[in-house]
Amino acid sequence: MTERKDPPATTRPLVFRGRGAVVRPDGRFESMEREAFDDGWGSAEAEPGVPPTELIIDGAKSVITYNESPDVPFDRSINPYRGCEHGCSYCFARPTHSYLGLSPGLDFETKIAYKPDAAVLLRKELGKRSYVCAPIALGVNTDAYQPIERKLGITRSILEVFAECRHPFSMVTKGSLIERDLDLLADMARDDLVYVMISVTTLDGELARRMEPRAAAPHRRLELIEKLRTAGVPVGVLFAPLIPALNDHELERVFEAAAARGAEAAGYVLLRLPHELADMFPKWLQTHVPGRAAHVMSLIQQMRGGKANSAQFGKRMRGEGLFADLYAKRAKLAAERLGLNKMRRALSTAAFKPPRDEGPQMSLW
């Protein structure tokens, strides 16, 4: 009989209160892999306490990122943060932490890079004569309203520049801190300069606590939809990610709950598992819902060409095959029944004006 060996410390499940990752894998660009070593005192079995959040300054020289992806409705975005304290176990952005030499596991939610000069950089970029105004997507990769924003206020400073320049933008968030900025959002909504989608993954509070440990509770996100609508801010709901055999049965219920609070649009995104996430998320399933883990991954693979993930444009958000078609039909029928997605106001660029020159020289604009 072959002796069973325990997995390395970097892949052994780690369940920390308030943290979503259950493994700490090395990034895919690292030249070495860490492995547990037991010195005979049991130290390899001992896990440290809950790791605190650490902040890292991101000295980026620009803040607007451009893309040519044909299946997203924007060609530019701003991410004030790299990494996200929300700790969502399924987050497709986790593998981006490997570019920083950090783990897409626990490091992603505990080592947060932030751009302290984001507003200054934004003013500079919007002020260039070559700049052509078009809607900017805010916080697409990681949430612009994650908990650390309460302390740093970087998202707020970006919104202030948008408001000054009357620059249109959209955002997706699951953070309750968006309430803080209702004054700016309501002002910009009057000129069709903002659209907000609130991400609601489940209405089950216990499942949300395990999947998204530091994000706003499901009932709070529904409250956000109502408060945004009351303030005159156009708002929709994004059921993302849709996870087969885990939360897929809630698709219609989430649409209904959001519509009741004033959402005017609804959409969904199938679970995406790029790079390290293809190994990380199955381990999360084995830790939290072991009886369904194999079934969930089997269904995912059936919609991803037999793999855990597919990056193919046009299919990466929805998948393909029988189950993918069924989800699309369910979403379409539910939206039609609830009067959602009838008309989405286009964001306007008509009021855009470059930022004022803060120096002593008179502007030539």
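Which residues of α4 are buried? Before the answer, the ground rules. This is a predicted model, in which local features need pLDDT of at least 70 and side-chain atom pairs count only at pLDDT 80 or more, while totals for chains, interfaces and linings use all residues. Residues are numbered from 1 along each chain as its sequence is written, and side-chain values use heavy atoms, with hydrogens and water left out.

Helices (H or I, at least four residues) and strands (E, at least two) are DSSP runs, numbered from the N terminus. Buried means under 20% relative accessible area, exposed over 50%, and partly exposed in between, with a 1.4 Å probe and protein chains only.

So, to α4, residues 154–165. Its buried residues are Ile154, Thr155, Ile158, Leu159, Val161, Phe162, Ala163 and Cys165. Just after α4, Arg166 takes a positive phi of about 55°.

A disulfide is counted here as a pair of cysteine sulfur atoms within 2.5 Å. The whole structure was searched, and 0 disulfides were found. Cys133 is in none; its nearest cysteine sulfur belongs to Cys165, 9.1 Å away, which is too far for a bond. Both residues are buried, Cys133 at a relative accessible area of 16% and Cys165 at 0%.

Next, α11, residues 322–338. Its 17 residues reach 25 Å from first C-alpha to last, close to the expected 24 Å. Ala324, Tyr327, Ala331, Ala334 and Ala335 are its buried residues. They lie on the same side of α11, because they cover an arc of only 100° around the axis, taken from the directions from the helix axis to the C-beta atoms. Leu322, Lys329, Lys332, Leu333 and Arg337 are exposed on the other side. The cover over the buried residues includes β9 (235–242), α8 (251–260), β10 (265–270) and α10 (293–303), where contact means heavy atoms within 4.5 Å. Just after α11, Gly339 has a positive phi of about 75°.

Last, a sheet. It is open, with 3 strands in the order β1-β5-β4 and mixed pairing; two strands pair if DSSP finds at least two bridges between them. β1 (54–57) and β4 (81–82) are at the edges with a single partner strand each, so one side of each has no neighbour in the sheet. β4 and β5 (residues 111–114) run antiparallel and are joined by 2 bridges. Arg82 has Ala113 of β5 as its bridge partner.

Key. The expected span of a helix is 1.5 Å times one less than its number of residues.
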